[in-house]
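Colleague: Can you take me through this model? I would like to start with the helices and then move on to pockets.

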Amino acid sequence: MGNAKRKSAAGQVIDECLGLRMRMANRVVTKLYDDALRPLGLRAPQLAMLALAEERGLLRQADICSELQLDNSTLSRNLDRMRSNGWLEETTGEDARQRPFQLTAEGRKLLRRAIPAWSKAQQQAAELLTPTGVDALRSFVRRQGFA
């Protein structure tokens, strides 16, 4: 009897866990974007960072982490790659202790080239999620105060 209850509870986790479902959905959707951007040498988080740099001008690491919900190690890995590829450059800010980043001319050019691939992936993701799913996702994000 105890094993049946544990198995049932374990089965419930596998079949119903919202966290697991969210991770699965995230992987499927992220793969769409990454596949579309791969020919350009980009991944979805890097495109988001390029777009944020274009919109904001100077970016501090803390701002990027906050706006894109990235952890420091993911951000550092992406920043290193993007700097070495010449897409972002470190610059000086008002506070000498901070090292903000800005988009380079090469980064702007890459962003312009990436937008059509992003648009295609965006359309595919919206079709997968359905209008109801897209609305639910946007509502969730707004309620969390992210956008």
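Modeller: Helix H6, residues 105–143, has 39 residues and would span 57 Å if straight at 1.5 Å a residue, but its end C-alpha atoms are only 36 Å apart. The expected span is 1.5 Å times one less than the number of residues. Helices (H or I, at least four residues) and strands (E, at least two) are DSSP runs numbered from the N terminus.

Colleague: What sort of model is this, and how are residues numbered?

Modeller: The model is predicted, with local features needing pLDDT of at least 70 and side-chain atom pairs counting only at pLDDT 80 or more, while totals for chains, interfaces and linings use all residues. Residues are numbered from 1 along each chain as its sequence is written, and side-chain values use heavy atoms, with hydrogens and water left out.

Colleague: Back to H6. Where is the kink?

Modeller: The kink in H6 is at threonine 130, shortly before proline 131, and is about 100°. That bend is the angle between axes fitted to the seven residues ending there and the seven starting there.

Colleague: What is phi at threonine 130?

Modeller: Phi of threonine 130 is positive, about 70°, although the residue is not a glycine. Glutamine 69, in the loop between H4 and H5, also has a positive phi, near 55°.

Colleague: Which residues of H6 are buried, and what do they pack against?

Modeller: Buried residues of H6 include Gly107, Leu110, Ala121 and Val134. The buried residues pack against helix H2 (18–37), helix H3 (44–56) and strand E2 (101–103), where contact means heavy atoms within 4.5 Å.

Colleague: How many of the lining residues are nonpolar, polar and charged?

Modeller: The lining of the largest pocket has 25 nonpolar, nine polar and 10 charged residues.

Colleague: Last one: which residues does leucine 129 touch?

Modeller: Leaving out residues up to four places away in sequence, leucine 129 touches Val134 and Leu137. Leucine 129 is itself partly exposed, with a relative accessible area of 30%.

Notes: Buried < 20%, exposed > 50% of the residue type's maximum accessible area, 1.4 Å probe, protein only. Nonpolar A, V, L, I, M, F, W, Y, C, P; charged D, E, K, R; others polar.
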